[in-house]
Amino acid sequence: MNGKIIKFVSYLLCISFVVSALKIPFIFKTTVNAEDSSSISEIKVSENDEYSAYLKNNSNYIETDENFSFGTSSLSIEKTESVKVENKIAKLWDGNTESAVWSVNVPNTAFYCMKLDFLAAKGAGMDYNFSILIDGKLLFSELDNITFKRIWQDSSEIRTNSAGNQISPSLKEVFDWQSEYVIDGIGFVGSPLKIVLTAGKHEITFLRNNEEPIYLSSLSLCSDVKVASYYDVLKEYEQNGYKSYSGEAIKIEGEKAYIKSSDSLIAKSDTSCASVKPSSPAYDVINYIGSSNWAVAGDYITWKVNVKQDGLYSLGFRFRQNYLLGNNVYRMLEIDGKVPFEEAKSIDFIYNDNWQYGIFSDNQNKPYLFHLTQGEHILKLTVTLGNSATVCSELQDCIYRMGNIYHNMVMVMGTTPDTNRNYDLFKQIKGIEDEFKTCYESLISMNKQLKSLTGNDSDSVSITMQNAASVIKRILDNPYRTQHYKNDFYSNYCGLGSALTEIQKVPLDIDQILLLNPDDNEKKMAGWKEQFIYSIKRFIASFTMDYNNISGTVSQGKNIDLWVSWGRDQVQVLNNAIQELFTPKSKIGVNVKIVDASLIQAILSGNAPDCYLRLARTSPVDLAMRGALYDLKNFDDFDEVLTRFAPGAEIPYNFKGGCYALPDTQSFNMMFYRKDIFEKYNLQVPKTWEEFINVSTFLFHKNLQVGVPYTKISDLGTTSAGIGALNLYPTLLLQNGLALYNDEHTATNLSDKAAIAIFEKWTDFYAKYGYSISYDFYNRFRSGEMPMGIAPYTQYNTIAVAATEISGLWGMVEIPGTKQEDGSINYMSAGGGSGSAILNVSKKKDLAWEFLKWWTSAEAQTRYAKDIEAVLGAAARVDTANVDALKQLSWDKDDLKSILNQWSSVVELPEIPGSYYTIRSIDQAFWAVVNSGENPTNTLIKWSKEADDEIMRKRHEYRLDKSDK
Amino acid sequence: MHRFKRQRNAYSLIKADKKPAIVMLLPFAVLFCLFTVLPVASSVVLSFFHYDMISMPSFVGLDNYIRMIVADNVFTISLKNTLVFAVVTGPLGFFLSFLLAWMVNEFNGYMRAVLSFLFYSPSLAGNAYFIWSILFSGDSYGYINSILLNYGFIQEPIQWLNNAQYTMTICIIVQLWMSMGISFLANIAGLQNASPQLYEAGAIDGIRNRWQELWYITLPSMKSILLFSCVMQIQSSFSASAVMTTLTGVPSVEYSTHTIVTHLSDVGSVRYEMGYAAAISVFLFALMAVSRLIIGKIINFTGK
């Protein structure tokens, strides 16, 4: 027994000796590096230019109690005269004019709120976004992002399709005068923004951030509306002797809203629960409104209600808040344009998995009472961050600081620090310790605030905060071990970023709003028995319902079969668009079906549809060479239809002189860069590849990375994206004036000397300059680890929507180009995308063509793209191939310009029989060079021969060469 | 009288008795023919044709087979890969799953149930091997890269799944991990079927240790189960493809993990060359049949 222990101990000693021997070099390294103290940097946090700081700096001023209104006579817009529209004098400010200037004059120095009287003019349907300058200066950052909403209404009643499912109506814009305060666009500031104006003349300049036209009638400088607290209001009720309402509850159906502030606020259907009224176990019934579209501060919905009896009412809601786990969601209630009392400014809706019923009441569960007179009233619920707004703004600040800390840390330690080295971070970067402390304290205090709001601190946001705080605490306690916590710190930083976007988005579903008799405490929900029976009915119904037949059988005289292999939500949106825009006009019914089967199998079995949307890039030619698709050039107006797309967008779908699909989506790369980091190092945004490499080398020295996209061909899906979308090699070829295939499309040009030189240049990115091959662009860009990268332009929305903490700190420009002999720069880029085709076996080709023409039109594409964003969120931007449609989506003005600029230099590559082998061969050659350091010339020639062989074989197989005929 | 008649016509009676047997067999036989025999036969026929699923098949004789053996160098690579893969994972996987089953079988009832569930669960979960792609991710934040980087073993992330040096080894490891599936379960069942009386008798007859017990009693008494789990193992080794395609993609770097089945689906679903794909599948079928014969012979050795 003793012998065993001794043996064990001796083993242990041996191992520890080996381990310590391994460590020696690292110890040695430490002593060397300790001398290297010349590079002490300092952490800088840019000055706080937010509203809260502005208020603090100007706390000596009082708020005005007067109201000054300035009409069109004080408004100057270039080349515009006053006109009378909708009973008011106004000036039209259209998209061509950059600014609208109000000249105002106030008698007293004080805080003023701004209130704008405006009428939406017909435009692209986007909300207005302005920057407001006072005497040419931006007083605080919130004034850079001021939003005014367009307003919308249901365009029709709820309709029922032939399958028995209800379809919610689309929205139409309402052109009506609105009078709105200037408020913070993100919602961190709950009340209207106040500015200090000294006595005398001032200029208030509105700068537009998009091109939407608007009628402006007047600007008021006034005080904020005073709202009394509930107990004062209650006293008033008693003084006036109001009586409680005693009748039946008045029910307002959520889905039957009156005005909505966004065209995405469509009524929805949830048939999973018996409590939601109306309900049906078998069919889709439109029965609620809200969800993720009703989540951003400032969005509102109003309902009209007819009250039959004067009196005091309490307010009940049947709602669902299963979005913010463990947190509350807030809404502000206005009745007839007025907040009835202070407490109604932030009604809280608690979390639960299911639908719930609640009465708006105080801490003691006594319902708040509202006085309503007989007649029509308008109830308005506005999204607000309510009591969590202060936490949000503090969290934003904290995340900004942490990001700054992180990228300072990376500059000292690199992305993969040596754990055995003491980086002496607190001395290397001046002030970083204080920054850590500030973050730690603010995290702790935010967590406390949240706890006081929700009563618990186990929700996801609180937990993220606690984790982040504990990591920072550990760093503060053991500064010598910071490198161990780097990854932890980073993941918590990202976590807080998502937490912030999470608590800023506060969705809510409303099924019913009830005006109640104050004594009515009954829970208006289905009991478990009712729910059980309902579930069984649903189960039985599931055997007979065809959930894949989205449209129901269309019994129009003329109809076509349409197949798509998209998600349900997308198809639902497509179907709505068809039924509202296409079928009524063309009198052609469309049977929309979701299929997962391959088109080949469908043709084989004789069940093929007439039309198929969004075939992957390589499919049209693949199918066309087998005679499965119909040549669209047979239609007379084909050339006319082509003008909708970027020039050459149809090239990948050409085969033997025919064109077998219309471009549906098209995407290409843009370059993203972090403005803050570029500014810090005085870097210029690279315009050519030489400059790009220079910037990347500089960034490498700062331990930062750049992203050059490379997608490994891992399955059929990646191949079918098309060769241009996978990596930059085709783009580089194009920029050097080379084509991928020879003119006859019988072989690749890869064994060409110039192509090999470019191949070498391309592999050098990874083999020589060490760019990452696989990386998550979004996360690294967000953290600042990868301040420059090339990515599909659709990343724009993801970053804009999800990475709010860096909003304004990044830009998107054209990809680097190649300098030509004449000194100009060639920005050409290859693209990717999909096309929509008509099947050769179809007997209704003309009808299918009508449909395709409609689907690729700007009207349909815009409608689809907008609705998809409404349903899935703004990150789900559609990369439509229709140029006009893209312009109508919400872009920042400059970014749109860059996108269009880049788009005009997109050159599509042809797809030819056997082209999947070209992609493969390039990929294989790439890996041979990057992995094993093989000679690029030999490798590329070897693999290009494989590709050529396959192309020859296919040409032979389908008798494409003249000699074969 | 009745009895007499039955005796006399014994032969014809047996013949008559077959009728209900055939009727009872019929549902299965029809389905089996329709969904197994017919496709196999049709793929043999199809292998002599050129067929792209849309146009009519045209007869090409032995062209597909000639191309397979002479002209298609990717097929040669895939054959080599399949053989390497099968030779390593087949016996090793079988051996490991038997060893594990033998060890787990030593536990008593409740513990054994829990353990066999735990070991079987990767197979239950379907594509559980997907997690290996996160472990071996080529990103510097991939688990293994991240650990190696953190401890200073490597300076740059290794492209585990994109480097022909590593891909096959990784796939073999994952396949071995996966082989704790059906053959493990079968082995446990087989071990429990071995009659305790045989062990007692063996003890009396002079079995001296557990190895002898295993070799002379346990293994021979579960021969049929061994054969079953062996066949399963062969089938899964030769037709392995999902693991490779999930981890290393299609095509893998330098076709380093391209197996016959991968090639088959590549030819069939990317190039729509159904005739050629059928020829490959016929070849694979023959390959499996031959190895099944060899293994049957080997298993007969147990206990001798």
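Tutor: Across the interface of chain A and chain B, 12 residue pairs are in polar contact, both residues at pLDDT 80 or more. A polar contact is a pair of N or O atoms within 3.5 Å; within protein, one must be able to donate a hydrogen and the other to accept it, and residues adjacent in sequence count only if both atoms are side-chain atoms. Please keep in mind that this is a predicted model, where local features need pLDDT of at least 70, side-chain atom pairs count only at pLDDT 80 or more, and totals for chains, interfaces and linings use all residues. Residues are numbered from 1 along each chain as its sequence is written, chains are lettered from A and ligands numbered from 1 in the order in which they are written, and side-chain values use heavy atoms, with hydrogens and water left out.

Student: What makes Lys954(A) and Glu273(B) a salt bridge?

Tutor: A salt bridge needs a side-chain nitrogen of Lys or Arg within 4 Å of a carboxyl oxygen of Asp or Glu. Here the N to O distance is 2.8 Å, so the pair meets the rule. Between chain A and chain B the count is 4 salt bridges, and Lys954(A), Glu957(A), Arg67(B) and Glu273(B) are linked in a network of them.

Student: Why is Asp117(A) called buried, but Lys88(A) partly exposed?

Tutor: Buried means under 20% relative accessible area, exposed over 50%, and partly exposed in between (1.4 Å probe, protein chains only). Asp117(A) has 14%, so it counts as buried, while Lys88(A) has 29% and therefore counts as partly exposed. Their side chains meet in a salt bridge at 3.0 Å, N to O.

Student: How do you know that Phe926(A) and Trp927(A) are edge-to-face?

Tutor: Rings of Phe, Tyr and Trp (its six-membered ring) pair if their centres lie within 6.5 Å; planes under 30 degrees apart count as stacked, over 60 as edge-to-face and the rest as tilted. For Phe926(A) and Trp927(A) the centres are 5.4 Å apart and the planes are at 85°, so the pair is edge-to-face. Phe926(A) is buried because its relative accessibility is 0%, and Trp927(A) is buried at 0% too.

Student: What makes Gly138(B) buried?

Tutor: Its relative accessible area is 12%, so Gly138(B) falls in the buried class. Gly138(B) lies in the loop between helix 6 (131–135) and helix 7 (143–150) of chain B. Leaving aside neighbours within four places in sequence, Gly138(B) is in contact (heavy atoms within 4.5 Å) with residues including Ser774(A) and Pro157(B).

Key: Helix = DSSP H or I, 4+ residues; strand = E, 2+ residues; numbered from the N terminus.
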